[in-house]
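Hi,

Here is the structure I said I would pass on, with my notes below it. Have it open while you read, and find each piece as we come to it.

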Amino acid sequence: ASMAPTEGDVQPPLRILFFPFLLPGHLIPMADMAALFAARGVRCTILTTPLQASTIRSIVDRANTSLGFLRTAELLREPFRRFLSDHHAEIDAVVSDGIFHWSVDDAVGHGIPRITFLGTSMFARSCTEAMLCSNPFEACSDDPAAVVSLPGLPHPVVELRGQMMDPAKRPHEWALFQLIHAADRRSYGELFNSFHELEPAYAEHYRATLHRRAWLVGPVALASGSGKDVASRGAIAGALSPEAIGCLRWLDKKPASSVVYVSFGTMTSFSPEQTRELAHGLGLSGKNFLWVITNGSAAAASTDLCMPDGLSMAHRDRGYIVRGWAPQVLILNHPAVGGFMTHCGWNSTLEAVSAGVPMVTWPRYADQFHNEKLVVEVLGVGVSVGAEDYASCVETHQVVAGEMIAESIKKAMKKDGDGDTVWKKAEELGVMACKAVEKGGSSYEDVGQLMEELMARRT
Ligand code: UDP
């Protein structure tokens, strides 16, 4: 996408190359981000494989059964090198997914600033940095219930060993993140899908304490247009199933703030036992629920196509199931939705923040336990279900009881008494998020600042 330079402007527009990792949680925000820079006059190119979104979906499904997926990132190294070699004279900056840590060598080799984007919060980024640099596990017991504190952060952050990326159990993941962070330290700076008012202490920590350049330009989903664009955002070939379209009509019939939206992103699946407990918890909560079941999960294979095991026909009027892709941003912004049960993937978290919806947090792995801390303890806009073990998309995990799930939903969605603050804070943050991306807002200004810096480098 490109825009002509304004009249009297002697400089040709900036040219930024975006290089996203091929998972929806990385690809979607980077595409949104490119659109946002294009709207400000930058000529943006997204370098990716010629595969259609449907093929990307199949990669995701494969990823759910193969932890070696991260290694396939290596396959893009040679094509990236060739592209940069052919086009380096036409590129002002590369925005590379952090997972492609090796892209720093090619960018530096051509004298092009590499700007990294990992698609997480500044809070989670700071926690991971603290964890990688101090290795707090060395001085701690092996017990998964052992409390680990992360040093040097603006707030005292403690997690259970079992909730963390433990190098004793995950040496490959640990080594990969060491490479990612080392490459980021050698990069020009880092883009964040976040906004200053959301995590000011961490923006400050990142810039002043760690001496890094950081631009907070989100929530990028707010810049992704309206109507049809938002509905089909991320859907395979831009098409939604009749079931997915039907959920919006179903929401239209429900009272304001009466529905809990339940979705765990694109990678996470639960055991059949956990799926039954979740269904049981939704039943017990007494709330209406809209539950998105991804293709890979146990519930998708449930024999009852109307309701997964654990829910009876009695719950039929209260519940709506979408199998496959749902128009998440539209759902979260629907007035009937009053809560979001989420795995705390950063895109989902920020989309909930933008919509002013309280969260019921159920992290599983990657940055999700850190994001939960930010949501529940720092921002106070969510209630935790009490997940205690870091388990990647395909690993078995501790089962959270239906009663606990129901209690957390009721607490997060309560509009009076204790729940009032969660709900009110969520609403206030939603207003701040929208202001950040408007003209003059903090994220709008950060986009402008990065553009100015890159333009100044030309001379
Ligand atoms: N998403 C969606 N519909 C779905 C599932 C996911 O639109 O049915 C979008 C969601 O809005 C978010 C992204 O996919 O933008 C998921 O990213 P996140 O970081 O939350 O989780 P991940 O899938 O990477 O674990």
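To start, in what order do the six strands of the open sheet stand? The order is β11-β10-β9-β12-β13-β14, and the strands pair in the parallel sense. Before we go on, please keep in mind that this is a predicted model.

**The sheet**

Look at the two ends of that row. The edge strands are β11 and β14 (382-384), and each has a single partner strand, so one side of each has no neighbour in the sheet. From one strand to the next, the twist averages 20°.

Helix α13 (residues 368-378) packs on this sheet, where it touches β13 (359-361) and β14. The direction of α13 makes about 120° with that of β14.

Now walk in from the β11 end. Strand β10 (residues 288-293) runs parallel to β11 and is joined to it by five bridges. In general, strands of a sheet pair through backbone hydrogen bonds, either parallel or antiparallel.

A quick bit of background: two packed helices are described by the angle between their axes and the distance between the axes.

The axes of α5 and α13 come within 8 Å and cross at roughly 120°. That makes α5 oblique to α13, and the crossing is right-handed. On the α5 side you will find F123, A124 and C127, which meet H370, N371, L374 and V378 of α13. What kinds of residue make up this contact? Five are nonpolar, two are polar and none is charged.

Helix α5 (residues 122-134) has another partner, helix α6 (residues 171-185): these axes come within 11 Å and cross at roughly 110°. That makes α5 roughly perpendicular to α6. The residues in contact are T128, E129 and L132 from α5, with F177, Q178 and H181 from α6. By class, two of them are nonpolar, three are polar and one is charged.

The last pair is helix α10 (residues 272-285) with helix α14 (residues 402-413). Their axes are 7 Å apart, and the packing angle is about 45°. That makes α10 oblique to α14. The crossing of these two is right-handed. From α10, the residues E277, L278, H280, G281, L284 and S285 meet G402, E403, I405, A406, I409 and K410 from α14. Sorted by class, this contact of α10 with α14 has five nonpolar, four polar and three charged residues.

Most residues other than glycine have a negative phi, and most peptide bonds are trans.

Which peptide bond is cis? The one from G218 to P219, with omega near 0°. You will find P219 in the loop between β8 (214-216) and α8 (228-232).

Next, S257 is not a glycine, yet its phi is positive, near 55°. S257 sits in the loop between α9 (242-252) and β9 (259-263). C344 is another non-glycine residue with a positive phi, about 70°. Its place is the loop between β12 (337-342) and α12 (346-355).

Are these two residues buried or partly exposed? S257 is partly exposed, because 17 other C-beta atoms lie within 10 Å. C344 is buried, because it has 30 other C-beta atoms within 10 Å.

**The whole protein**

Finally, zoom out. The protein has 16 helices and 14 strands. Of its 459 residues, 47% are buried. Among contacts with a separation of 6 or more, 70% are between residues 24 or more positions apart.

Cheers

Methods. Residues numbered from 1 in each chain as written. Predicted model: local features only at pLDDT ≥ 70, side-chain atom pairs only at ≥ 80, totals over all residues. Pairing = 2+ DSSP bridges. Helix = DSSP H or I, 4+ residues; strand = E, 2+ residues; numbered from the N terminus. Axes fitted to C-alpha atoms, helices over the stretch in contact; angles between N-to-C directions. Parallel < 35°, antiparallel > 145°, perpendicular 65-115°, else oblique. Left-handed = near helix turned anticlockwise from the far one by under 90°. Contact = placed C-beta atoms within 7 Å. Nonpolar A, V, L, I, M, F, W, Y, C, P; charged D, E, K, R; others polar. Buried ≥ 20, exposed ≤ 12 C-beta atoms within 10 Å, placed from the backbone.
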